[in-house]
Amino acid sequence: MPDRYATDAFDNSHSEIARAYPPLPSWLAGRLLRDDEEVAWVVGPRFNPSWERYATHPLLFLAALAAGGVAWAVGGLIAEGEREVVFGMAYVAGAIVLASIFVLGISSGYFTRLVVTDRRLLIVQGRELCRTWDINRLPRSLLRYRRLADGDDEAPAIDLDALKTMLGSSSDKFAEAGKILALGKRLDQIKTREDGRPRNG
């Protein structure tokens with residue numbers, strides 16, 4: 001009977017992959033990663049600007065509220081009671097707030113990443129954790145076993161080749177948000193089938 005999991009000797013492949021791919025932004029890694037958790041692979045959007053952390057921050061909405069309020073107040077002072085001008089500035093204030101909502105929504109959707117660590121698989125949208133699976137809650141087809149340094153014990157690791165095949169992206173670095181989210185649903189479906197399958201023996 002063939003082994004259910006592939007087994008490899010420990011070979012530091014995670015650190016090599018971490019160097020080969022763009023790392024998770026430090027400000028995002030600080031929010032998401034646990035102590036001593038190491039990133040093995042990140043796939044996500046092609047465009048990774050330095051201002052991403054601001055375009056996805058909830059404070060953008062509060063700043064827009066403040067700016068809209070100031071615009072409305074200044075407009076009221078300048079207009080000296082003219083209703084048309086006051087209403088016009090109210091529309092401007094509303095537009096500023098509405099624009100911030102669109103920016104937050106679009107940015108969080110665009111900056112969607114699949115992050116693989118030595119302990120978990122994560123889907124991140126913007127600066128927030130959307131989904132997470134501990135390594136022992138992943139489908140068996142995505143697990144392989146690697147020998148630890150002492151040569152006796154084995155530890156599970158995520159099979160990156162199998163994960164890339166399942167993701168179906170043409171690139172090892174970039175993937176659209178839709179594909180990443182669809183992968184999350186597929187993982188849940190596979191795991192549900194596995195958990196419902198009767199065990200032999």
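Predicted model: local features only at pLDDT ≥ 70, side-chain atom pairs only at ≥ 80, totals over all residues.
**Aromatic contacts.** Two aromatic pairs are counted in the structure. Phe-47 and Trp-51 form an edge-to-face pair, because their ring centres are 5.9 Å apart and their planes stand at 70°, where over 60 degrees counts as edge-to-face. Tyr-110 and Phe-111 also make an edge-to-face pair, with ring centres 5.0 Å apart and planes at 80°. Within this second pair, Tyr-110 is partly exposed at 39% relative accessibility, whereas Phe-111 is buried at 3%.

| Pair | Distance between ring centres | Angle between planes |
|---|---|---|
| Phe-47 and Trp-51 | 5.9 Å | 70° |
| Tyr-110 and Phe-111 | 5.0 Å | 80° |

A further ring contact involves a charge: Lys-164 lies over the face of Trp-41, at 5.3 Å from the ring centre.

**Strand β4 and its partners.** Strand β4 comprises residues 120-125, and five of its six residues are buried, so the strand is largely enclosed by the rest of the structure. Strand β3 (residues 112-117) pairs with β4 in the antiparallel sense over five bridges, and a hairpin of two residues links β3 to β4. Across this pairing, Arg-113 has Val-124 of β4 as its bridge partner. Strand β5 (residues 128-134) also pairs with β4 in the antiparallel sense, here over six bridges. In this pairing Ile-123 stands opposite Arg-131 of β5. The hairpin between β4 and β5 has two residues between the strands, and Gly-126 in the turn has a positive phi of about 65°.

**Helix α7.** Helix α7 runs over residues 177-196; at 1.5 Å a residue its 20 residues should span 28 Å, and the end C-alpha atoms lie 29 Å apart, which agrees. Its buried residues are Ala-177, Ile-180, Leu-183, Gly-184, Leu-187, Ile-190, Lys-191 and Glu-194. The buried residues of α7 pack against β2 (39-43), α5 (83-110), β3, β4, β5 and α6 (160-167). Strand β4, itself largely enclosed because five of its six residues are buried, is thus among the elements that the buried residues of α7 contact.

Conventions
Residues numbered from 1 in each chain as written. Heavy atoms only, no water. Buried < 20%, exposed > 50% of the residue type's maximum accessible area, 1.4 Å probe, protein only. Helix = DSSP H or I, 4+ residues; strand = E, 2+ residues; numbered from the N terminus. Pairing = 2+ DSSP bridges. Expected span 1.5 Å × (residues − 1). Contact = heavy atoms within 4.5 Å. Phe/Tyr/Trp six-rings, centres within 6.5 Å; stacked < 30°, edge-to-face > 60°. Lys NZ or Arg CZ within 6 Å of the ring centre and 35° of its normal.
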